[in-house]
Amino acid sequence: MAAARITSFLVKIASRCNLDCDYCYVYHHADQSWRRMPKLLNEELRRAFAGRLSEYAKAVDLKRAAVIFHGGEPLLAGHRYIADLVRVIRAAAPDLTIDFGMQTNGLLLTDSALDVLEAEGVAVSLSLDGPREAQDLHRTTRRGRSSYDRVEAALERLKRRPAVFAGVIAVVDTSVPPATLLSYFAGHGVPKVDFLLPDAHHDRPPPGRDSDPSLYERWMIDAFDVWLDKYPDLPVRTFEALLDVAAGLPSSTDAFGFGDVSLLSVETDGSWHDLDVLKVAGEGATRLTGTVLDTSIEHVASSTAIAAHRRLLTKSGLSVHCRGCEVVDVCGGGSVPHRFGEGTFDNPTIYCREMKALIAHVRRRLSESLATAALTVDAFPDFDLDAFETAETSAEIMAELYRHALDEDVAGLEEALNLIGSEVDPEQVRRVARRPGTVAWQRATRSRCAGRAVLDVDGRPIVIDEQYLSGLTLDAPAGELEVALDDDWLRKPFGTSIAFEREAVVKAGRVLVAEALDIIAAWRPALAKELRSICSAIQFVRDPSAHPDKIVSFSDNSVPGALYVSISLGSGLVDPYDLADSLVHEYRHQKLYLFERRYPTTQPGALVVSPWREDLRPASGLLHAIFVFVELRRFWEHVRDQGPARLHNRAVAQLEDTERNLAQAFETLRDCNLTRAGRALGELLESRKRRRPLAA
């Protein structure tokens with residue numbers, strides 16, 4: 001087995017705490033090694049960790065990592081200590097994109113501390129169990145006094161700092177009704193809540209369950225129902241992850257579903273450790289080989305202890321009881337620390353009964369919702385799909401789909417403007433409503449005003465500029481593509497995962513776009529016209545994690561009408577035919593997005609194999625890929641037959657790959673959970689392989 005790929009590091013910068021939470025796995029469970037740990041991570045160890053991270057990033061070609069400051073209470077080290085450590089780590093690994101975070105109890109979270117943390121880009125997650133009656137059950141000072149007032153003050157400060165407020169972690173006490181907690185967190189508009197069950201295992205069962213076996217089962221089901229029925233706009237990581245895996249999507253938490261080890265911990269003595277919560281299993285349960293002074297991350301990642309942990313995250317590594325369970329593909333055996341008992345992890349989770357009951361309940365609720373939705377989702381009136389699919393015959397249909405989308409976006413923009421108390425001329429509203437950046441802005445504004453978190457793809461809060469519209473220029477003629485426009489809302493949703501080209505490259509890129517559009521127009525004038533009618537922006541991008549010789553492109557329905565393409569290849573520019581391929585590729589996604597706004601094509605179901613991707617995809621992703629490559633097959637047939645001689649062999653190879661991949665994709669699509677519209681579209685696209693390619 002190859003070594004684990006480590007992308008996250010939990011760094012204990014302080015081993016002591018200024019609260020005495022009675023459920024804490026560090027101070028009130030089996031492993032009491034904190035007593036022998038230095039109070040703070042010293043300067044030598046801080047610099048050694050930074051060096052190890054840089055060394056590892058270069059060794060395994062790691063482009064992005066997360067560093068979470070933890071404790072104890074990390075702010076006992078001081079906020080300037082944290083800022084200095086951030087700078088040390090960044091200086092040691094200048095080519096590595098690092099997401100910094102901190103978990104705090106909030107007692108020392110002053111405005112001055114937040115000024116410094118925000119300046120250094122450190123996201124802050126707050127430990128808070130809920131309103132006073134919940135917080136004071138367990139999260140008290142060493143003298144048993146309330147911590148609530150000081151922590152709520154920290155919450156109010158964080159609410160004024162959306163750029164750094166990452167969310168709240170709350171440990172469940174079943175004596176507090178779910179409605180009380182959800183109402184409290186929704187009322188404060190927290191960007192995310194993560195409800196944690198008390199850390200327990202077979203040698204130390206959850207509190208209160210011995211006298212009331214269904215205690216946690218009832219609480220979790222009630223909490224899910226209250227959330228789904230009353231507070232679905234409040235992001236609750238636990239429930240969202242459960243819905244994902246129940247629908248066949250990847251889980252974002254280790255509580256549900258399978259995964260891999262991707263995190264290492266560092267204690268204040270510099271020693272390497274596994275997942276911190278494994279401390280509940282016994283003294284030394286997390287200890288790995290070496291320290292930051294003498295042992296590389298590569299060596300730790302390939303250790304037998306990490307290999308053993310990784311095996312526990314696979315089906316073959318689960319207990320016999322779990323491997324034969326009907327919900328194992330959803331729960332994945334549950335959280336590893338909760339499986340411990342009698343010296344082994346070869347047990348079901350101590351919360352097995354609760355997991356089974358909750359999963360069954362969620363599936364019932366999901367089925368009920370789908371049955372209700374099917375009454376409208378599966379409605380598909382007479383629609384000329386044959387005419388829609390090709391640009392030469394789709395002008396009328398696309399104009400109608402575009403008008404429908406425009407009406408929705410005008411209504412959304414008007415609502416956003418009303419919410420922030422801004423007045424814009426109605427004619428101007430209609431002119432800018434379908435601009436990709438405007439759509440992204442108005443959706444984000446409406447979400448924020450509704451109390452929902454607005455996050456980029458990295459999970460970081462997005463700051464919303466209420467004056468955005470006033471900065472728009474309206475001099476671009478209709479049908480003209482705005483190329484490499486400096487528009488924040490064409491870029492904000494993608495965080496730092498995507499890099500946008502420097503101005504020095506943009507000038508040459510605009511010339512290249514003109515060449516690529518001429519190639520498309522010479523091949524299919526109607527397609528070139530349709531592309532300009534539904535797409536209005538092109539952005540030049542690079543994927544920092546991809547090989548420099550790989551051509552990347554993407555589009556996203558959060559910014560409808562925007563095409564994101566790479567123009568750099570190594571030290572030069574891409575071939576104009578490759579750029580034409582990218583533009584046609586992303587335009588086809590946008591065309592299908594417009595159709596799907598009116599007629600949804602897929603319903604939730606298991607992830608499937610896509611021949612164009614290494615990772616599993618939802619059925620919608622597979623249908624989009626087919627829709628795109630049916631058109632690209634036509635393009636490369638044109639290149640093969642009428643393009644430059646230098647591309648002939650390339651076109652032949654491209655077509656062979658496309659034919660093979662489409663055959664596999666259509667076979668997979670037949671078993672996907674599609675609506676009537678999706679099924680009809682899939683059948684039409686498959687029939688296209690029996691037709692001659694379109695002529696110019």
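How far does the backbone nitrogen of Tyr577 lie from a polar atom of the side chain of Asp575? The distance is 2.7 Å. This is a predicted model: local features need pLDDT of at least 70, side-chain atom pairs count only at pLDDT 80 or more, and totals for chains, interfaces and linings use all residues. Residues are numbered from 1 along each chain as its sequence is written, and side-chain values use heavy atoms, with hydrogens and water left out.

**Around Asp575**
- Asp575 sits in the loop between β16 (572-573) and α20 (helices are DSSP runs of H or I, at least four residues; strands are runs of E, at least two; both are numbered from the N terminus).
- Asp575 touches Arg646 and Leu647, leaving aside residues up to four places away in sequence (contact means heavy atoms within 4.5 Å).

**Helices α20 and α21**
- Helix α20 (residues 576-598) packs against helix α21 (residues 619-642) at about 145 degrees, with axes 9 Å apart (axes are lines fitted to C-alpha atoms over the stretch in contact; angles run from 0 to 180 degrees between N-to-C directions).
- The contact includes Tyr577, Val584 and Leu592 of α20, and Phe627, Phe635 and Trp636 of α21.

**Helix α17**
- Helix α17 (residues 436-449) has 14 residues and spans 20 Å from first C-alpha to last, close to the expected 20 Å (1.5 Å times one less than the number of residues).
- Ten of its 14 residues are buried, so α17 is largely enclosed by the rest of the structure (buried means under 20% relative accessible area, with a 1.4 Å probe and protein chains only).
- Among the buried residues are Val439, Trp441 and Ala444.
- Their cover includes α15 (395-419), α16 (426-432), β12 (537-542) and β14 (562-565).

Note on methods: Buried < 20%, exposed > 50% of the residue type's maximum accessible area, 1.4 Å probe, protein only. Polar contact = N/O pair within 3.5 Å; in protein donor to acceptor, adjacent residues only side chain to side chain.
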